[in-house]
Amino acid sequence: MTGRPPTRPHQSAAGTTGPVVRAEAVIDLSAIEANTRLLLARMRQVNPRAELMAVVKADGYGHGVVPSARAALAGGAGFLGVATPQEALEIRAAGIDAPVLAWLWPAGQDIEPALAAGVELGISSLDHLTAVLAAGLAGPQPRIHLKIDTGLGRNGAGPRDLGAVLDGVAAAERTGRLAVAGMMSHLASADVPDDRSVVEQTIAFREALGVAASKGIQARWHHLANTPAVLDHPDTFFDMGRCGIGLYGINPVLTPAGLRPAMTLRGTVALTKRVPADYGVSYGLTYRTSRETTLALVPLGYADGIPRAASSVGEVWLRGRRRRIAGRVAMDQVVVDCGDDQVEAGDDVVVFGPGDAGEPTADDWAAACDTIAYEIVTRIGPRVPRRYVGGSAGSAGSADSADSADSAESADGADGADAGGKGSGRDAGGTR
């Protein structure tokens with residue numbers, strides 16, 4: 001390709017060959033497909049008619065919203081979920097016509113474009129209901145999911161307001177001004193072993209469904225379970241689960257599930273240098289070498305999503321072993337102390353991956369940084385190009401690689417993932 005310097009292939013921790021790049025996130029679409037299939041099968045062991053909503057908000061938890069959506073649909077998801085209407089419109093712009101729900105938006109936002117595109121919206125208050133009814137006058141009948149706060153204390157109609165919201169929704173549905181596609185809530189502590197709030201919230205949700213039914217509201221879908229609930233709490237399944245983090249291969253509970261991480265974050269050693277003992281490294285000189293040693297510069301920093309909390313504690317995989325970051329994470333780079341090992345500029349570095357070869361995982365990074373793996377993968381920024389491998393033909397959407405395991409998005413970030421097939425187009429739908 002003209003205008004681009006030649007690249008030489010080199011070997012990653014997982015044994016696959018990739019181009020020499022400053023940094024890239026390699027996304028295994030086949031892993032997303034398989035994880036979706038596994039989570040759906042787990043629900044259908046309890047309810048054979050259960051469906052799965054694939055949550056692809058926050059750019060598919062950092063994995064890319066459109067390729068992730070297509071991979072999840074290929075894995076059996078019948079519905080897509082996002083936080084914001086703008087995220088839903090991005091999916092529609094890519095030609096995906098599967099049901100899409102967006103549940104987080106201020107009542108003053110212009111939602112007419114989303115409704116015109118057939119996006120289903122979450123309703124959490126009378127203000128939201130009023131906004132949907134007003135916007136619905138200009139287009140097709142709105143489809144909504146009534147969100148109920150059963151104890152999380154965030155979005156959703158709370159106990160004091162629920163009756164009035166249900167009355168308003170019931171009246172609007174009777175007059176044909178909207179259709180209730182679903183009723184939903186969200187669990188606070190499904191990932192905490194034996195937490196009683198899961199049972200309490202499930203009971204509260206059932207009670208709210210009963211009140212809604214008494215007012216004539218009969219939603220098609222009822223969804224409470226998120227990924228940890230799908231793995232650990234079958235009483236929360238109802239007829240739909242909303243899974244997010246599990247699709248990307250991160251298990252938020254202790255129960256083994258066979259999920260496979262989909263993201264490998266890798267880069268290349270940009271520079272090595274030999275330095276004497278007591279040599280300071282990075283801002284603040286918080287790290288000093290204990291002896292003469294080789295330092296390796298890795299051009300990834302907090303502008304790329306590497307947590308600054310990883311300073312002197314995060315580990316990377318370089319030349320067949322884990323090596324700890326030396327000193328502070330900077331905006332664009334980190335340094336690794338390699339001792340007397342033979343390390344050269346151009347060597348492959350894996351920040352985290354599935355762990356197959358011993359490389360750190362996103363869970364390892366989360367533990368080192370005192371956070372959760374959700375944050376580790378989601379924070380990988382747009383400066384890091386995504387390269388897509390694996391997946392069914394059409395999931396990645398690249399005309400050059402739909403029949404191979406190669407990328408749908410090139411190493412310099414040119415997105416080829418918007419071409420290809422549409423989603424499932426199943427009728428009607430209803431997070432972590």
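Contact, as used here, means heavy atoms within 4.5 Å. By that criterion, and leaving aside residues up to four places away in sequence, M183 touches L146, I148, L166, F205, A208, L209, A212, I217, A219, W221, H222 and H223. The model is predicted, so local features need pLDDT of at least 70 and side-chain atom pairs count only at pLDDT 80 or more, whereas totals for chains, interfaces and linings use all residues. Residues are numbered from 1 along each chain as its sequence is written, and side-chain values use heavy atoms, with hydrogens and water left out.

**Overall composition**
- The chain contains 11 helices and 21 strands, taken as DSSP runs numbered from the N terminus (helices H or I, at least four residues; strands E, at least two).
- Of its 432 residues, 55% count as buried (under 20% relative accessible area, 1.4 Å probe, protein chains only).
- The chain exposes about 17600 Å², of which carbon and sulfur atoms supply 51% (Shrake-Rupley method, 1.4 Å probe).

**Nonpolar cores**
- A nonpolar core is a set of buried Ala, Val, Leu, Ile, Met, Phe, Trp, Tyr and Cys residues joined through side-chain atoms within 4.5 Å.
- The largest such core has 118 residues, and L80, M183, F352 and W365 touch the most other members.
- Apart from it lies another core, of five residues, including V275, V281, A326 and V335.

**Largest cavity**
- The largest cavity holds about 40 Å³ of space; a cavity is a set of points on a 1 Å grid over the protein atoms alone where a 1.4 Å probe fits but cannot get out, and its volume is the space filled by probe spheres set on the points, which are joined across faces, edges and corners.
- Its lining residues (an atom within 4 Å of a point) are V298, L300, I306, V316, I325, V334, V349, V351 and W365.
- By class, this lining has nine nonpolar, no polar and no charged residues; Ala, Val, Leu, Ile, Met, Phe, Trp, Tyr, Cys and Pro count as nonpolar, Asp, Glu, Lys and Arg as charged, and the others, Gly among them, as polar.

**Residue V343**
- V343 lies in the loop between β19 (334-337) and β20 (348-352), and is buried, with a relative accessible area of 6%.
- Beyond four places in sequence, V343 touches V269, T272, A296, L318, R319, R323 and C338.
- V343 and T272 are 71 residues apart in sequence but 7.3 Å apart in space, C-alpha to C-alpha.

**Helix α3**
- In α3 (residues 65-74), nine of the 10 residues are buried.
- The cover over these buried residues includes α1 (29-44), β4 (51-55), α2 (57-61), β5 (79-82), α4 (85-93) and β21 (386-389).
- After α3 comes G76, with a positive phi near 115 degrees.

Key
1 Å grid on protein atoms, 1.4 Å probe; cavity = no way out; pocket = protein on both sides within 12 Å on 5 of 7 lines; lining within 4 Å. Buried < 20%, exposed > 50% of the residue type's maximum accessible area, 1.4 Å probe, protein only.
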